[in-house]
Structures are given as structure tokens and as C-alpha cells.
Amino acid sequence: MGKTIAQKIIEAHLVEGTPVPGSEIGLRIDQTLTQDATGTMAYLEFEAMGIPRVKTELSVAYIDHNTLQSGFMNADDHRFIRTVAKKIGVRYSRPGNGICHQVHLERFARPGKTLIGSDSHTPTAGGIGCLAMGAGGLDVAVAMGGGAYYIPCPKMTLVRLTGQLRPMVSAKDVILEVLRRMTVKGGVGKIIEYGGPGVAALSVPQRATITNMGAELGATTSIFPSDNVTREFLAAQGREEDWVELSSDEDAVYDEVLEIDLSALEPLAACPHSPDNVKHVQSLAMTKVDQVCIGSCTNSSYTDLMTVAAILKGRTVSPDVSLVIAPGSRQVLSMLSANGALTDLLDAGARILESACGPCIGMGQSPNSAGVSLRTFNRNFEGRSGTRDAGVYLVSPETAAASCLTGYITDPTSLPPIAPVAAPAHFAVNDNMIDLPASPEEAAGVEVLRGPNIKPLPQAQPLSDEMNCACLLKVGDDITTDHIMPAGSKILPYRSNIPHLSQYCFEVCDPAFPARAKEAGGGFIVGGANYGQGSSREHAALVPLYLGVRAVIAKSFARIHKANLVNAGILPLEFEHPADYDKIALGDELSLTGVLSGLDTGCVILTDRTAGEVIRLVCDVSPRQAEVIRAGGLLHYTREHTAAE
């Protein structure tokens, strides 16, 4: 039986387990990346393991999230990351060099390699044929130390593309159509592979847009073939030697197949407050727009912004609209400046932001009260923009550009079509803002500099067979990591200070939760389906750990967050019967029994002593994860195993 692209890469990197869907497998990791909102913790965890130097082929630390320096905290964290990276063998991409996923796609990602990053949109590199996955910072630290990365072996879904995109319809509309069909839960436990004759007409940046937002499906990752289009992109980046051809076998078997005719697609928009709340742009035509933001790791490539510049050239942004544009990398910004497109954007009335995540992570550019903001980003969760009552729509660069001219959500196909932007024969390559690490001989003389905002890692409490605690919080379905641990300029500077960060935990759902948890001395959280969807931020596990959360009981979990809970030493439990969720109320006194044996048998009993209910829970963890929880988390587990070797 033939193999899919992902199965071939998995087979070549398999170090433990059998690649049968659902069973845990361990993969050798070739590359890692971190960004500054998660990187400080990842490097503190790497230091705590006692391994002097990274063992991957390539590891890169990017500064792209916390670039707003309104106090010493972000600058101190950047200095820490810069110095520790130099010491342990990690390349350091300076602030202003660009968004991690855009820069990694341009300069480092390679077909056929494995990559994990402490950011959920790491699958962007799947656009170049790389098996790239988002992970918690501790998983990245372990991989940097030479350890395997463990995942449940995924099922394989093929999205078969035919036809060709019409003018003013783009790759963003492709992934929005996939989200419309599959929903934010539809990719859980799957790798989404794109194939079919329509693939050849998509550029690498277009493919990367599609794989980037595969994270919103809950998918393990998404991947495209590595073909002549890939080869031409790498050659234009001066990296043709990194190319290898990679495709699925003709007789490869998939668990699921979706058919999409690219020529039939229309411009789409994800409406508030979920990436799968997708409607046709044409149906939203009377919606007034207050703000348009173009950029993020989804849509900030050279071709994206050249398309926007062509639409805006010689025109003026509506006086009712604030337009901001953030190029994805310094390479993109430099090329726009050199060819005059930057002037076209400025003349139209755009405000140019630095090459960073910016508004996508809530770092500035919050819309006005009850404002409508069109964004070429990947997430539109409630409050993520920084304005709680804003309505955020996710759209293509074409739709964003058309709408900022009219002041209303506008179907770009109603405008005269522009000529397709040709892929450059040569990109402007300048890696002088990527610092190389010290040699092993020089590393001993490198001093790692820490600011006062960097606090110790929280530690898990020892696991007991019986746990008696209150239900500290009850939340519904599709709780995101933004609900658990919000982003934004007020909070992000404290990502290395868990005690301070804890006061914001679940503030979107219940501002009283942190105080209640501290007063109770810990307890349980009860959640609905797809608990923990969204970003890979392990802070959504570390902060509840600090507040004394011993277990999270949910209908189901998002993959990365469940792994982060295990890594932190928090027990993830699922209702055997989802309807039992309704039997538990906030404040109920709960008892878990058979916890230690349940790690092996998969069954734990919950007794709601307040309601008088006995409920069976499923403890769906692998034998390795059971040992991690017994050890008090992945850090302790790794130390124990490293010491034993």
C-alpha cells in the first residue's frame, strides 16, 4: 500500500511506537523555532534539564510577538533569549527581522524535514513540504535537547484541489472554505494533505497561507507536496540545494477526502467570533468597516502585499477606515521599498507597522468600541483584538484592500481585476539580523542575562490516588487558550512571570477565578468540548498549575493543550458520557478516586458529593504520558530519564 507525504516523513523520523492512528509515536525532530512570548519559558526549561547545548540540526529563536516595549519586561526577555541562544547553540532573529513563520519559510524550512515550534502556526512551513507542528515550549525544549516529540499518530485527510483560482479570489478563501466544511474541531487527530491538479497553480506563499490556518482546524499539521513550484521558490531564496521532491504515492490511502474546485470558490469571510463562522463576502456587503489590518503570519508575504499595493495604487482609503499594514519580514518590507510599492501603500493612506505579529496577538491597534475590524489574520476570538465588543472578520488581502476603499465589506471580484503578481526570480536575501550562536568553545564565556521579571517555573504537586477538591470553574465548549490565558499588550510582557500572570487567568470567562482558586488552595476545572483550542501557549497550563489546578475534566481536548496539561503534571480527564457534564455545578465538592490505577486502566471515578452523582471519567493518556504525570510533569520526567542514561 502506498504512503502519503506525511507518512513518508513520519516513517523516516520514527524513533518510538507504531504508526497506527491513535497510538502514540515519537519523532526525531530536525528543526525547532521559538518566539519571544513563549521562548523565555522554553529556554528556562531547557536550562533546567541541564543539557549544555542543542542537538537539533537547526534551532532559531525569533523576536516577533512582544516587540512593544512600554516597560523593561519585554526588553529584558529579549536580552535573556539573545544571550541564552548564543550560549546553547541557537540562532537569534532580532526584533524587526520578521514574523517567525514567514522568516522560517523564507530562510530555513526544508522539504522532508520535521519542525516543531512553540507557536501553533508552525504548520506554515507545511507549504514547503515540511512536517511542521505547533507544540508547547517544554516539548520544544526536550526536542532541542535531542529528545523525541510525541504525538498520537494522526489519520490522513486529503484535500483534493482541482481547477484554478479566479482573479481576486485567493488562498485565504481556500482555507476558509475548508474551515466552513470541517469546523474548528474537524481536523483534530488528523494531518491535512493537499493534492490534486489544482496544487500546481498555487505558489509557496499561497500554500503557506493554507497550511498556516490549518491550526484553526485543530489539525496536527497540514502539508503540500514539494514540487517544481517549491524548487523555484527555494532557488529564488538562494536555497535550491535544500530542495527535495516529495509527493504521495499514487496508491496512497486516506481516511477522508475533500474535493474543492478552486475555480468555483468565491471570496469568503470568517465572521465573529470563530474562524469557522464562514460566510460569503457578498452576503456581508452592507456591513460598515472601521478598521482594516493586513499582515500576520497568514497573509504578509511579498505577493500578498504586492497585491494589496496594486489594488490601492492611485486610490485613497475611506476616511471612515483606519488601515494598518505589517509586512511579514524585513525581506518583504525591503523589496516593497525598493520597487515603489511601499510608496503606493503610503500614498493610499496606509499606516505601516514593523515586521512583527502586532495586532494579531493583541499588541496594539485595538479597534474602536463596537468597531468592525477586517483582518487578514487567522483568529478572531472574542477580545483577542484588545476590544471586547469589537466584531473581527477574517478575510483575504484582496477583500481587505477592496473594503478599506469603500468603507464597507466589499467583494473584491466587483472591482476591476488586477494582474497576478509574479513570483520574484530572486528575493532580496540579507541575513545580517540573524545572529549566529557562539561555538562550543566560546559558549563557556557567554553570560546569560536575566531581568527581574523572570520568575521560577511552577511545580506540580505530587499525585495521590484520591483527590478531593472543589469545582473552581465551569466553562462551555470551544474554550480557547485566549480564554484561559489572554494575550494583548497588558499581559504579554509578563509571560516569564507566572505569579503576576496568574491574576489574568480566565478573566474573559470569570474575573473572580484567580482569587477563588488561591483561596481554595486549588481544585478542578470542568470544561466542554474542544477545551484548549487555539494557540500552543503552555502558559494556559502553567498558570492554572500555579493556581493549584490538579485536574481538568472536559468533554474533549484540543491536542496541543492536552499535551501541555500532561507536561505540566495536570490530569486531563474526559467524561465517558458527555451528558454528565450537566450534572456538575460551579462550587460542587468533587472527589476523584482510583487516580493512580486510572492512569493505567483509563478509568477514574468522580463523585460529586454536593449533587450526589457518581460519574465515570476516561483517562486517555499513553503509558509514557502516565509516567510523565506520575513524575510531576515532563521536566521532572526528562531529568529522571537523563540522569538514568
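This is a predicted model: local features need pLDDT of at least 70, side-chain atom pairs count only at pLDDT 80 or more; totals for chains, interfaces and linings use all residues.
Which residues of strand E18 lie on one side and which on the other, and are they buried or exposed?

Strand E18 spans residues 372–375, and both of its faces are covered. On one side we have Val 372 and Leu 374, on the other Ser 373 and Arg 375, and all of them are buried.

Let me turn to the neighbours of this strand. Strand E15, which covers residues 291–294, runs parallel to E18 and is joined to it by 3 bridges; within that pairing, Gln 291 has Ser 373 of E18 as its bridge partner. E18 also pairs in the parallel sense with strand E19, residues 391–394, this time over 4 bridges, and here the bridge partner of Val 372 is Gly 391 in E19.

My second topic is the cysteines. With sulfur atoms required to be within 2.5 Å of each other, the count of disulfides comes to 0. Cys 130 is in no disulfide, and the nearest cysteine sulfur, which belongs to Cys 100, is 13 Å away; Cys 130 is itself buried, at a relative accessible area of 0%. Cys 357 is likewise in no disulfide, its nearest cysteine sulfur again being that of Cys 100, at 6.0 Å, and with a relative accessibility of 8% Cys 357 counts as buried, because the cut-off is under 20%.

Note on methods. Residues are numbered from 1 along each chain as its sequence is written. Side-chain values use heavy atoms; hydrogens and water are left out. Buried means under 20% relative accessible area, exposed over 50%, partly exposed in between (1.4 Å probe, protein chains only). Helices (H or I, at least four residues) and strands (E, at least two) are DSSP runs, numbered from the N terminus. Two strands pair if DSSP finds at least two bridges between them.
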